[in-house]
Amino acid sequence: MNNHQPGTPLGNILVVDDTAENLRLLSTMLTQRGYTPRCVINGKMALRACNSNPPDLILLDIMMPEMNGYEVCQHLKLEPKTREIPVIFISAKDETFDKVNAFAVGAVDYISKPFQFEEVLARIESHLSLRNLQKQLKEQNMLLQEEITSRLAVEKTLQEKNQILQQEISTRRAVEKALQEQNLVLQQEISNRQRAESALLKSNQELARSNAELEQFAYVASHDLQAPLATIASYAQLLEKRYKDQLDTQGSKFIGNIVQGCTRMQTLIDDLLEYSRVGRSRKPLELTDCNHAVEQALANLQGAIRETKAVVTYSELPAVMGDISQLTQLFQNLVSNAIKYRQDAPPVVHITACRQEENWLISVSDNGIGIAPQHQKRIFQIFQRLHTQREYSGTGIGLAICQKIVELHGGCIWVESEPEQGSTFHFTLL
Ligand code: ADP
């Protein structure tokens, strides 16, 4: 293969020979054929020329004084810079030429004198093109090595990325699995809750139904009891009136006891009827001014207020969603208790209102006998009293009615108190 471009030198050839005639002959011939020859006459000059500007090929005479061709070749093959330059030995016909040694020291070929020009040129050309091919192969090899290295690097990166991806996939799968499990637990939880909720709803409905039944029963029973009770009371009074003279003191006392019992029962029935009436009313709530409810309650209580010299005050109260008659009843029960459970001093009662986040907090405070902490919850239950009839009369229904009214209005009620330090009843309204 010859890659020679026309017009450019075919190659730089160093001719080493101690015979001037040979040098001239070879130089002329090579120049004529388009090569660029350089001529030197001994081994040392040849090594120097090669080191300063390495030629493409060397034609090297064997028999030279001081340093023969074999030695020159050996030196060249030791140096990396000159190692690859192809060397063709030139041997004279009568010389003893050791071909084996020539190839052993690194020559690529040899030519015997006298020269056959065409043969010399053919050998030069073939070794130059061989050398070129070798160079090309070396370059291609290097490129290939680079390609392999970069591919290996890419492959390594790919493998690493693949590993990361695999890890990512397995982590995601684990997360997905955990999520699925949690989802299952959640589903279970939801269905449990739904079941519990529907059971609660059912028992709430059941409770509401039985409450309504109970209220109906209390209402009917107390209503129906009123008539015979009134009959007993009026006949007892008639007995007392008509047969007064025939009765001794004990007989009159017995009849007095019957009338007193009837009155107490009448009060109980009235309160019970009131209690059951509160739950029965299904009037829709409407915007109601609490000041009006308090005014009405105080008007109803004016006898007791005057009698006990009570001082009842209230600050500006809000309008709330409510039932006016129930709210009146609520204030009336609380103020009436504040007056009833007084100490020696005249009762002082104050009603205030304070806006909270979503509702109103209304407080009724007094300077009465107070309530011990252990009783503060149970007094809101029906029939729960802390005193005998002799100490304070009552039925134990008033606060139960208050609680029912507040709850029907969506609020709650409680008390803050210390014995002999007065009490404050708080309740919330929307
Ligand atoms: P009653 O007043 O008919 O007994 P209530 O239900 O109104 O029934 O009250 C329950 C109990 O709570 C009362 O017996 C009383 O002991 C106590 N109580 C209620 N209000 C007050 C108050 N303002 N001060 C002290 N004790 C009270």
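The legends below describe views of a predicted model of one chain.

**Figure 1. The whole chain.** The chain of this predicted model has ten helices and twelve strands. Its radius of gyration is 64 Å, well over the 22 Å that the globule rule gives for 430 residues, so the chain is more spread out than a compact globule. The C-alpha trace spans about 190 × 45 × 40 Å along the principal axes of the chain. Of the 430 residues, 23% count as buried. Among contacts with a separation of 6 or more, 66% join residues 24 or more positions apart.

**Figure 2. The domains and the contact between domain 2 and domain 3.** The domain assignment divides the chain into domain 1 (12-132), domain 2 (136-277) and domain 3 (286-429). The centres of domain 2 and domain 3, taken over C-alpha atoms, are separated by 29 Å. Six residues from domain 2 and five residues from domain 3 take part in the contact. On the side of domain 2 that touches domain 3, three residues are nonpolar, one is polar and two are charged.

**Figure 3. The shell around the ligand.** There are 20 residues around the ligand, and those that come nearest are Asn337, Leu386, Gly394, Gly398 and Leu399. The largest share, three residues, comes from helix 10. Sorted by class, the shell has nine nonpolar, nine polar and two charged residues.

**Figure 4. The largest nonpolar core.** This core holds 37 residues, of which Phe331, Leu334 and Val335 touch the most other members. At least two residues each are supplied by helix 6 (249-280), helix 7 (290-300), helix 9, strand 9 (348-355), strand 10 (360-365), helix 10 and strand 12 (423-429). Helix 9 gives the largest share of the core, seven residues. In soluble globular proteins, nonpolar side chains tend to be buried together.

**Figure 5. Phe331 and its contacts.** Leaving out residues up to four places away in sequence, Phe331 touches Ala293, Val294 and Ala297. Phe331 is also one of the residues that touch the most other members of the largest nonpolar core.

**Figure 6. The second core.** A separate core of 26 residues is shown here, with Leu30, Val72, Val87 and Ile90 included among its residues.

Key
Residues are numbered from 1 along each chain as its sequence is written. This is a predicted model: local features need pLDDT of at least 70, side-chain atom pairs count only at pLDDT 80 or more; totals for chains, interfaces and linings use all residues. Helices (H or I, at least four residues) and strands (E, at least two) are DSSP runs, numbered from the N terminus. The radius of gyration is taken over C-alpha atoms; the globule rule is 2.2 Å times the number of residues to the power 0.38. A residue is buried if 20 or more other C-beta atoms lie within 10 Å of its own, exposed if 12 or fewer, and partly exposed in between; C-beta atoms are placed from the backbone. Two residues are in contact if their C-beta atoms, placed from the backbone, lie within 7 Å. A residue is near a molecule or strand if its C-beta atom, placed from the backbone, lies within 6 Å of it. Ala, Val, Leu, Ile, Met, Phe, Trp, Tyr, Cys and Pro count as nonpolar, Asp, Glu, Lys and Arg as charged, and the others, Gly among them, as polar. Domain bounds come from an automatic or database domain assignment. A nonpolar core is a set of buried Ala, Val, Leu, Ile, Met, Phe, Trp, Tyr and Cys residues joined through C-beta atoms within 7 Å.
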